[in-house]
Amino acid sequence: MDESDALKAVAVRAVETADSARSVWSEADRAWASRAAAEVVGANASPEAFVARRAALAVERLGTRESALPSALRALAWRPWIGTAVVALAFVLGFALDQVDAAQRVNILAPPVLGLLAWNVAVYALLAIGFVVRYGDAAPSRGLRGAIARFGTGTAKPRDGTLRTAIVAFADDWARRAAPLYGMRASRILHLAAALLATGVLAGLYLRGLAFEYLATWESTFLDAANVRTIASWLYAPGAWATGIAVPPVDEIAAIRAPAGENAARWLHLIAATVAVVVIGPRLTLAFLAGAFERYRATHLPLGFDEPYFQRLLRGYRGGPARVRVIPYSTTPAASSMAGLEAIVARSFGGSAALFVASPVAYGAEVELPHDATLAATTLVVLFNATATPERETHGAFLAALAARRAEVETLFALVDESAWNARFGSAPSRPAERRAAWQQLCDDARVPAVFVDLAGPDLAAADAALDTAIGDRNA
């Protein structure tokens, strides 16, 4: 998924996850977005195409009601002009640097670009060490890279309320998901800026060399001409290799010892060529590589479709309305519990979900699942009543038998109805907690996720989050 589509998808995910009361984006809105996206992309489209189209439709409709989300999207979107400005500023800064002393004398032992060369060599060493330490993994954006990434994406300023919570979560989630992309983007910009800084320095030297005569010289307390010639041969080796200009012999080096000097043209050529080989060339190469990785990451930004949220969206797209089969074990749900169960299914699986409640299975009995094509697309729910004492030989054996057929269904989890137990022992908080722990242990032993709900008065948001966890456990 490309960067723009992923940004919208993460934004809509944040809204739909944070809006537990459905005050901003109702169930009808969610169903409409999924239905309309499926109609547009068709039945054979990829998951990325469906999620991207659904997000675009949702953002468009949400934007007509509240401007905060479109504003947040604009604030968090990358600003390309930031990169251009940083690179241009680097060139201007390099051009403005006058690194030659007032007497226009160039010390060949300490050329005006010595610091520039040393800095870039140190950067290459740090990049190589970092790559080896991380084994090629993407590095987090810190320091200057992190500052450029943050400035390039601006700051979202949502209003108060549910949408504010959603947008704050959106900003955090996007920063985490897009960190590898923004880190590579910042690297590209900084490599280009370093190359243009060096180019600006050389342009300034040559331009000023048209109006002023630079003199090349050297002086030292400890070195003689032979030592200086050896150092110069190493220091200017890249420039000599690139231009074919040889470093002068010892006698010529001795002749320009301060206060003497010579026209610095050949030394400036050696300096410029050395900077081109050591700084400009490698930096442009690194910028090209970073740009290639950036372009790939910008068009292949992973969203993690194995997450419960996306799994829920794709389940409805791929297989039509969700099928939820509930098997009560040694319990007959009351009318109030059935109403709560229907509300949870509608909330968590969509209003078009098909809910099938099987006849209660007697204590100690077994159940036969249908052997048809619909089973693979069915979410299987085992309904227990918390008033029953969980027993390994009966409840545990029943769960284990169903867990053995886990591969035949889409999802399997246990739903423990705490309504009757809370009505009886709700005034003693330790009793519900103890009973829940006992049921949790039983389900853990059977390796079946457990969801605890008071079906007579369910907290739909909490149940929704618990079901997401259960589905996530299945996908883990």
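This is a predicted model: local features need pLDDT of at least 70, side-chain atom pairs count only at pLDDT 80 or more; totals for chains, interfaces and linings use all residues.
Stop 1: Start by selecting residues 68-76, which make up helix H4. Is this helix mostly covered or mostly open? It is mostly covered, with seven of its nine residues buried. Among the buried ones you will find Leu 69, Pro 70, Leu 73 and Leu 76.

Stop 2: Now select 105-107, 215-217 and 262-263, which are S1, S2 and S3. These three strands form an open sheet in the order S1-S2-S3, with mixed pairing. S1 and S3 are the edge strands, each pairing on one side only. Look between S1 and S2: they run in the parallel sense and share three bridges. Across from Asn 107 you will see Thr 217, which belongs to S2. In general, strands of a sheet pair through backbone hydrogen bonds.

**Stop 3: aromatic rings.** The whole structure holds nine aromatic pairs. Show Tyr 329 and Phe 398, a tilted pair with 4.5 Å centre to centre and 35° between the planes. Tyr 329 is in the loop between S4 and H14, while Phe 398 is in H15, 69 residues apart. Tyr 329 counts as buried because its relative accessibility is 2%, and Phe 398 counts as buried at 5%.

**Stop 4: arginines over rings.** Finish with Trp 32, where Arg 61 lies over the face at 3.5 Å from the ring centre. Then move to Trp 119: the charged end of Arg 283 sits over its ring, 5.4 Å from the centre.

Conventions
Residues are numbered from 1 along each chain as its sequence is written. Side-chain values use heavy atoms; hydrogens and water are left out. Buried means under 20% relative accessible area, exposed over 50%, partly exposed in between (1.4 Å probe, protein chains only). Helices (H or I, at least four residues) and strands (E, at least two) are DSSP runs, numbered from the N terminus. Two strands pair if DSSP finds at least two bridges between them. Rings of Phe, Tyr and Trp (its six-membered ring) pair if their centres lie within 6.5 Å; planes under 30 degrees apart count as stacked, over 60 as edge-to-face and the rest as tilted. A charge sits over a ring if NZ of Lys or CZ of Arg is within 6 Å of the ring centre and within 35 degrees of the ring normal.
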